[in-house]
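Q: Please take a close look at one part of this model, the place where the two chains meet. What builds that interface, and what holds across it?

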Amino acid sequence: MGIVTLFVVSLIIFSAIEYLPGDFAKNILGQAATEETTAAFRRELGLDQPAVLRYGQWIAAVVQGDLGTSFSGRNASGVDRSRQVMDLIAPRLRNTLFLASLAAVVAVPLSLLLGISTALYRNSFYDRSVNMTTLTTISFPEFFVAYILILFLASLYPVFPSLANVDAETPLGERFYRAALPALTLTLVIVAHMMRMTRAAIINLLASPYIQMARLSGASPTEVILKHALPNAWAPIATVIAFNLAYLVVGVVVVEVVFVYPGIGQLMVDAVASRDIPVVQGCALIFAMTYIILNLIADIIGIITNPRLLHPK
Amino acid sequence: MSKRTKKGDVLLSIKGLKIQGFSDEKWHNIINGIDLTLHAGEVLGLIGESGAGKSTLGLAAMGYTQPGCRITEGEIIFDGVDLAKLTDGEKRKFWGTRMTYVAQSAAAAFNPARRLIVQTTASTIRAGIKDQSSAYEDAQQLYDVLNLPDPENIGERYPHQVSGGQLQRVMTAMAMSPRPDLLVFDEPTTALDVTTQVEVLASMRSIVEEFNTAAIYITHDLAVVAQMADVIKVLRYGNEVEEAPTRQMLSAPQQEYTKSLWSVRSLEKPQKLVKDSVLSLKGINAGYGAAKVLNNVNIEVPKGSTVAVVGESGSGKSTAARVITGLLPQMSGSVQFNGEGLPPALADRSKDQKRRIQMIYQMADTAMNPRQTVSEIIGRPLEFYLGMRGSKKTQRITDLLEMIELDASFMQRLPGELSGGQKQRICIARALAAEPDFIICDEVTSALDQIVQEGILKLLLRLQEELGLTYLFITHDISTVNAIADQVVVMNQGEVVEQGLKTEVFQPPHPEYTELLLSSVPEMDPDWLTNLIAKRPQ
C-alpha cells in the first residue's frame, strides 16, 4: 500500500515539476545565450527527451537507490563539477533529522503529559491556562515565534545563539547548543496540536459506559485516565503524533531560514529557485516517504493497541 | 454472608432524596423526594418507564450521581454513613468493594483493552481484600458458579471475544468478587435475547442468594422483576407510586398507574385467516460476503394481515427484511410481490415497486435526519413518489399527521423536539406517505416504554384496518406478537423453524427451538423462573 502511494506521489512530483515555469538551461546560461547553445545544453542534461521517457529513466534509477546528478555545477563549457543528488541531500537530511528528533524528544512526551494532565483536571484553571498558552503559540506564524525566541533568549538574555549554522565538523554538544532555539520553536509550534488531540481523545472516552463502570468500582481519577481511557485512545493520538513528526521533517523550511540552519527544506527551496530538477525531485520523494513511513507506524500502533484486531475471536 | 451486616438489619436507608439534572440551561428535578429502605440480604426491584428516575435512584444508592446531576436534598445512609455528605475520594472506599454495580450493556461497560479477569478482580485487589492469586482463583470459582464455559481460562479473554450473555455473567462475577454488601443491577438483561436472559437471570439470582447480598434490581420489565425481587417499588416521573412485597404487588396493585403497567401485556389481536399471498420469499439464500446468514428461507405473507417474524439476534430476521427491500440482494431464490418477481437489487427496481414496500425502523431517533422538520421528513416521499407540491402536499401532510393522531402544529418541529413515541409515529407517517401496500416493521416498539408501545401497536392495527395494509413485523418480544400478529414465523440461525397461524404456532406440540423460545419468555408469576429451572434438564 505504501509502495503504491509512493509510486503515485512520484508521478505527481514529476509532472508538477514538468509544469514548473522557467527552464534550467536558460537560467544558467542567461538571456544572452543563443538558441543553439541552450539546445545543446538541454541535450546534455537529457531535457530534450520526451517526459515519459525521462520519468522512466528517473524512476528506474530511483528504485536502485540512485537519485541522479544535480544540474547545478554544470555549465555549457563542458566542465562537470556537478554532484550526486544523494551527496547533496544526505548531510542536509541528517541535519534535519537531528533537529526533528531533538524537537520530537521534547515535544512528544511534553504534549502527552500536558494532554493527560489537562484531561485529568479538565475545566480547571490549569487546563484553561495550558490550552490558552498552546493555542497562542500555534496561532502565531512560526517565524514570529522564532523571532520572539531570538529576542528573548538570544538578544536580551543571550542563553542560546541566534544562528544555528552547523556543518559536518560541529561536535555533538555544540550541535545541541546551536539547534536549541530552532528545536524550541518547533516544539512550541507542534505541542498544541498533539496535546489537544490527546486531551480530546481521552475526554471523548470519558463518557463511555466502561469509564462510569471503572469509577463505580472505586478507581481514582488518575487510574481512570491512565488505565481505562488512555489504552483505548492510542490510535488517534498516534495519528496526530505521526502527522506532526512528518511536519518536523518536511515543513520546517521557514524555521531553517530564520536560524540559518542547513536542513533539507532550505536545500529544496534553493533547488526550486535554480530549477535544479533532480534535487527537487529527490527532496520531494524523501518528504513523501517520511509521511508514508510515519503514517504506517501510526497505523501499526493503532492495530497493536486495539485488542479487537490483535486478539481476534 | 457478609462480615459487616446481619440479615434483617437495615443496610441502606434513603430519606427525602432529591436529585436534579442540568439540561437546556436549566436544572430539572429527576428525583423528587424518595424514601427507600433496604435490609441486608434483601432484593428490591425498582420499576418504571424511561425517565422515571430508576437508574438515577439506583446509582444514588451508591452515592453516585452522573455528570450533570446533583443531589440537592436528602440523605443516603449506608451502614451508618451518609453518602450524600462524602467527597468522591471518601466514597471510593465503598465503591467496588462494599457496593458494586452491574451495568445494562456489559459489552459497553467492559474496558475493551483489558482482559476479563483483570477487570473482574481489579477492585478486590486494589482494596487489598485478596491478593492477586487468590482473587484470580476466586474469580474462576465465581465464573464456574455462574455457569460460564471454561471457567479456568475464560478470564484470559478480552471482552469482544465472549458473547453478550457471557459478558453479563462475567460482570456479575466482577460485582461479586469483593463480596459486597450491596449490589446494584441496572437493567442487566435488557440487551439480551430471551433464551439467554433466562440463564443469566437464574445465575444472578442463585449467586445473590448464595452470598446473601442485598441488591437493587432496576428494570422496566415486570415479569423479570417478579423473578428477582422480594419487594417492588414502582416509580414515575421521579416519584414513588407504590411499594409492596412482590406477590402482593403482582396480585393486587393499588395505584391506577401500576394497574395500567400490568395491563399492557394483555393486548391481543384476534387473528384472521387470509389465503392470498402479497409477498412470498422462495428458497432465499443470502449473506454478507462469505458468511451465509439465510439458508433456504421460505416465507408467505398473506394480504392485509400481519406476519410476525420472531427469533434471537443473529437469527437472520433483519437480513430477511434487507433482502425484501433490496438492500441486500439474495444469492439465490426469489422474492415474489403481488405475483411478480422483484429484481434482487434495489437499483433495478422501479419507482413503483420501491413505493409499495416501505420500512419502519427500531431506532426512530437515527432513522430521521435531525436537521429536517417533520413536514420535510413526511413531505419527501410525497414529492418523490407521488409528485405532490405546494398546498396539495401540505394538505396531505396534515392528513397523515391526523392519521397518526398528531396535529398540524407538529409540522415545523425537528425530531429533537419530539418524544420517543412521537418520533416513531412520524416514521410511520413517512412510511404511509408513499401509500405502500406492504410495510416492514423492524423491532419498531423495542426501544419504547410499555405504555407507549401499546399506543403504537394500537395505531398500527387501526391503520391496517383502515388502509388494508400488510405488515411484516420483526420482533423478539412474544407479547408484541400476541398483540399484533395473525401469522408467526419462527427463525433460528438463518432458517425458518416453524410458520403458520398464531394459534397453531403457540399451541404445543412445538419444534424444540420454538419450545425453548416460548418457555423462556418471563411470566408475571414469581415462581416462573424457579419452576422453569426445575423443569429444564441441566
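A: Contact here means heavy atoms within 4.5 Å. By that rule, 25 residues of chain B meet 21 residues of chain A. The model is predicted, and local features need pLDDT of at least 70, side-chain atom pairs count only at pLDDT 80 or more, while totals for chains, interfaces and linings use all residues. Residues are numbered from 1 along each chain as its sequence is written, chains are lettered from A and ligands numbered from 1 in the order in which they are written, and side-chain values use heavy atoms, with hydrogens and water left out.

Buried area is the accessible area (1.4 Å probe) that two parts lose on being put together, summed over both. For chain B and chain A it comes to about 2200 Å², with 59% on carbon and sulfur atoms. Of the area that chain B buries against chain A, 27% is supplied by Arg92(B), Arg126(B) and His160(B), more than by any other three residues.

Arg126(B) also takes part in a salt bridge, its partner being Glu223(A), at 2.8 Å from N to O. A salt bridge is a side-chain nitrogen of Lys or Arg within 4 Å of a carboxyl oxygen of Asp or Glu, and the count between chain B and chain A is one. Polar contacts are pairs of N or O atoms within 3.5 Å; within protein, one atom must be able to donate a hydrogen and the other to accept it, and residues adjacent in sequence count only if both atoms are side-chain atoms. Between chain B and chain A, 12 residue pairs are in polar contact, both at pLDDT 80 or more.

Helices (H or I, at least four residues) and strands (E, at least two) are DSSP runs, numbered from the N terminus. On the side of chain B that touches chain A, at least two residues each come from strand S6 (99–102), helix H3 (106–109), helix H4 (116–126) and H6. This side has 15 nonpolar, six polar and four charged residues, where Ala, Val, Leu, Ile, Met, Phe, Trp, Tyr, Cys and Pro count as nonpolar, Asp, Glu, Lys and Arg as charged, and the others, Gly among them, as polar.

Helix H6 of chain B spans residues 164–176 and includes Arg169(B). Arg169(B) counts as buried because its relative accessibility is 7%, buried being under 20% relative accessible area, exposed over 50% and partly exposed in between (1.4 Å probe, protein chains only). Its side chain reaches the backbone oxygen of Asn147(B) at 3.2 Å.
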